[in-house]
Amino acid sequence: MLPTSSPIRPINDGSTNGDAATRISAATKEDLSPAFVACFVLPPKQAESLISVLQQFVSSAEGLAPANFSTLAIAPTEDSTAVWLTHPDAAKCLGISTTTLYRYVEQERIEFRKIGNRLEYRRSALDQFKEQHVRPARRTRRQEV
């Protein structure tokens with residue numbers, strides 16, 4: 001729904017003695033202007049294209065004041081393309097049992113996050129864990145002699 005150019009008026013349903021309408025000063029009523037508020041969480045490229053489309057849309061609408069578009073650019077603390085695996089999937093990825101993975105979590109040997117009562121593991125952290133725990137191949141007894 002597009003905002004209209006008429007100011008927002010308080011609703012007086014008669015249940016109060018009219019004090020609600022008198023609490024808002026005349027200056028506040030004049031300051032109230034229509035607003036279009038949108039919040040999106042998008043990758044930067046898609047956000048830029050969406051902002052440009054919204055700017056064109058608002059500028060083409062008649063009777064509206066020029067829009068003030070502000071974007072909050074926060075660099076994500078983690079890679080937004082990171083893949084998080086569930087507990088059973090992480091155990092399969094490492095080639096260990098789920099019980100062993102629970103023990104690693106308890107000992108804080110592996111990175112994880114807990115959402116509710118669900119454990120999740122970052123795929124890159126699992127790969128790094130595997131690389132750190134690679135043992136050299138054993139020689140057969142014939143090769144030792």
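Two strands count as paired here if DSSP finds at least two bridges between them. Helices (H or I, at least four residues) and strands (E, at least two) are DSSP runs, numbered from the N terminus. With that in hand, strand 2 and strand 3 (residues 118-122) pair in the antiparallel sense over three bridges.

A quick word on where this comes from. The model is predicted, so local features need pLDDT of at least 70 and side-chain atom pairs count only at pLDDT 80 or more, while totals for chains, interfaces and linings use all residues. Residues are numbered from 1 along each chain as its sequence is written, and side-chain values use heavy atoms, with hydrogens and water left out.

**The overall layout**

The chain has seven helices and three strands. Reading from the N terminus, the elements go α-α-α-β-α-α-β-β-α-α. Buried residues (under 20% relative accessible area; exposed is over 50%, partly exposed in between, with a 1.4 Å probe and protein chains only) make up 16% of the 145 residues.

The three strands form an open sheet in the order 1-3-2, with antiparallel pairing. Strand 1 (84-86) and strand 2 (113-115) are at the edges with a single partner strand each, so one side of each has no neighbour in the sheet. From one strand to the next, the twist averages 40 degrees. Strand 1 also pairs with strand 3 in the antiparallel sense, over three bridges; there, Thr-86 has Glu-120 of strand 3 as its bridge partner. On the other side, Ile-115 stands opposite Arg-118 in strand 3. The hairpin of strand 2 and strand 3 has two residues between the strands, and Gly-116 takes a positive phi near 65 degrees in it.

Glu-120 sits in strand 3 and is buried, at a relative accessible area of 11%. Its side chain makes polar contacts (a pair of N or O atoms within 3.5 Å; within protein, one must be able to donate a hydrogen and the other to accept it, and residues adjacent in sequence count only if both atoms are side-chain atoms) with two arginine side chains:

| Side-chain pair | Polar contact |
|---|---|
| Glu-120 and Arg-113 | 2.7 Å |
| Glu-120 and Arg-118 | 3.2 Å |

Leaving out residues up to four places away in sequence, Glu-120 touches (contact means heavy atoms within 4.5 Å) Trp-84, Leu-85, Phe-112, Arg-113 and Ile-115.

**Helices around the sheet**

Angles here run from 0 to 180 degrees between N-to-C directions, and axes are lines fitted to C-alpha atoms, for helices over the stretch in contact. Helix 4 (residues 87-94) lies across strand 1 and strand 3, at about 100 degrees to strand 1. Helix 6 (residues 123-132) lies across strand 1 and strand 3 too, running at about 65 degrees to strand 3.

Helix 4 also packs against helix 5 (residues 98-106) at about 100 degrees, with the axes 9 Å apart. That makes the two helices roughly perpendicular (65 to 115 degrees; under 35 is roughly parallel, over 145 roughly antiparallel, the rest oblique). Helix 4 contributes His-87, Pro-88, Ala-90, Ala-91 and Leu-94 to the contact, and helix 5 contributes Thr-98, Leu-101 and Tyr-102.

In the loop between helix 4 and helix 5 you'll find Gly-95, which is exposed at a relative accessible area of 65%. Gly-95 and Lys-130 are 35 residues apart in sequence and 9.5 Å apart in space, C-alpha to C-alpha.
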